[in-house]
Amino acid sequence: MMNIHAPGTLLDLEPSRAEFRDAVLSGLSSGTKTIPCKFLYDVVGSRLFDRICDLPEYYPTRTECGLLSLYGDRIAEFAGSRASLVEFGSGSSVKVRLLLLALNQPASYVPIDISREHLMQATTALAQDFPNLSISPVCADYSALEALPSSSIRGSGRRIGFFPGSTIGNFSPQDAGEFLHLVKRLLGPNSLMIVGVDTPKNRSTLEAAYDDAEGVTAAFNLNLLARVNRELDGDFDLTAFRHQAIWNERESRVEMHLISASKQVVHVAGRRFGFTEGETIHTESSYKYAPDCFQTLARNAGYCPRAVWTDEEGQFSIHLLEIAS
Ligand SMILES: C[S@@+](CC[C@H](N)C(=O)[O-])C[C@H]1O[C@@H](n2cnc3c(N)ncnc32)[C@H](O)[C@@H]1O
């Protein structure tokens with residue numbers, strides 16, 4: 001008989017439709033129009049992001065996976081046995097598999113993600129492959145999380161936060177510091193935090209990574225407008241906006257925008273928004289940090305950097321940080 005393994009019960013703190021509406025209405029009313037990037041990830045956005053990870057232009061995923069495979073044993077030495085993993089923005093829970101295979105008898109895993117349906121699919125697949133692991137999925141905006149579910153952390157080992165994918169770059173440097181402070185409170189003293197951080201590099205590599213030839217990143221960005229149409233009674237014409245990715249060297253960030261192709265009026269949740277030709281909606285920033293700059297940011301947030309690993313070309317870095325006891 002086949003054994004069916006399932007993850008534990010979902011803790012569902014998904015942001016409400018009203019929160020999405022208020023964020024969109026407020027962002028479209030501001031001088032420079034913007035929509036918070038966390039809303040790029042509904043089930044369609046999450047699937048498109050998975051396709052981005054496989055694109056030849058998108059070097060971060062394969063580089064980070066290479067580093068995790070190479071240095072998993074080193075991470076395992078720091079982690080010890082029976083560790084509890086907490087992943088922030090777990091997506092398809094692909095990279096954590098490399099850690100789970102390297103660690104000595106990991107006890108539990110708490111994947112936290114804002115994209116509920118995708119989170120459940122990912123954790124169901126993981127439970128099949130790791131039947132002895134206790135998995136407690138949490139659907140939430142991780143920056144608004146007040147505590148981890150107390151029953152979710154099992155085992156006597158260390159707590160390990162895992163924040164791969166350079167997702168920390170989606171915060172401004174100040175907000176990244178505040179998030180690290182929050183994680184310190186959530187995980188507690190003596191815990192470890194593993195963060196994947198993208199580095200600054202030449203413009204062509206960076207802009208191609210966020211504007212691929214196949215147009216998958218463009219579809220990912222435009223899905224935000226489709227989501228507004230689906231969920232907030234919007235009437236965005238998706239053919240009247242185009243995707244743009246630009247490397248803002250002064251701010252050390254790649255910016256994603258949706259550019260209005262013409263002067264137009266759009267309605268969302270009963271409100272009217274005018275666009276001039278060329279006006280943009282800023283949908284995502286992805287800050288890039290040299291390893292020493294990120295270590296400074298982590299130190300300022302109360303962490304002790306213990307190790308940093310980069311690939312030969314210095315394209316990507318993985319930071320191992322310790323929360324002081
Ligand atoms: C750049 S993707 C990285 C996915 C995966 N960790 C990886 O490394 O491939 C960011 C992930 O974080 C999730 N996410 C983004 N903002 C979030 C937020 N504020 N709270 C919780 N999850 C968030 C998205 O749904 C997505 O799965």
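**Basis**

I am working from a predicted model, in which local features need pLDDT of at least 70 and side-chain atom pairs count only at pLDDT 80 or more, while totals for chains, interfaces and linings use all residues. I number residues from 1 along each chain as its sequence is written, and side-chain values use heavy atoms, with hydrogens and water left out.

**Whole chain**

I found nine helices and 14 strands in the protein chain. Both are DSSP runs numbered from the N terminus: helices are H or I with at least four residues, strands are E with at least two. The radius of gyration is 20 Å, close to the 20 Å that the globule rule gives for 325 residues, so the protein chain is as compact as a globular protein of that length. That radius is taken over C-alpha atoms, and the globule rule is 2.2 Å times the number of residues to the power 0.38. I noted a box of roughly 60 × 45 × 35 Å for the C-alpha atoms, taken along the principal axes.

Of the 325 residues, 55% count as buried. Buried means under 20% relative accessible area, exposed means over 50%, and partly exposed is in between (1.4 Å probe, protein chains only). For contacts with a separation of 6 or more, I see 73% coming from residues 24 or more positions apart. A contact means heavy atoms within 4.5 Å.

I also checked charge. The protein chain has 30 positive and 39 negative side chains, and the centres of the two sets lie 4 Å apart. Lys and Arg count as positive and Asp and Glu as negative, without His and the chain ends. Each charge is placed at NZ of Lys, CZ of Arg, CG of Asp or CD of Glu.

**Helix α3**

Where does helix α3 bend? I find the bend at Y71, by about 60 degrees, in a helix that covers residues 59-79. The bend is the angle between axes fitted to the seven residues ending there and the seven starting there. The buried residues of α3 include Y59, P60, T61, L67, L68 and I75. After α3 comes G80, with a positive phi near 75 degrees.

P60 is in helix α3 and counts as buried at 3% relative accessibility.

D198 sits in strand β7 (residues 192-198) and is buried, with a relative accessible area of 0%. Leaving aside neighbours within four places in sequence, the contacts of D198 include Y59, P60, S166, K288 and F316. I also noted that D198 and T61, 137 residues apart along the chain, have C-alpha atoms separated by 10 Å.

Most residues other than glycine have a negative phi. I listed two with a positive value. R82 has phi near 60 degrees, lies in the loop between α3 and β2 (84-88), and is partly exposed at 36% relative accessibility. A269 has a phi of about 45 degrees, lies in the loop between β10 (264-268) and β11 (271-275), and is partly exposed at 31%.

Is E146 buried or exposed? E146 is exposed, with a relative accessible area of 78%, and belongs to the loop between β5 (138-140) and β6 (159-163). I find its C-alpha atom 9.0 Å from that of R185, 39 residues apart along the chain.

N170 lies in the loop between β6 and α6 (173-187) and is partly exposed at 22% relative accessibility. Which residues is N170 in contact with, leaving aside neighbours within four places in sequence? I recorded C37, E284, S285 and S286. N170 and Y287 are 117 residues apart in sequence, and their C-alpha atoms are 6.4 Å apart in space.
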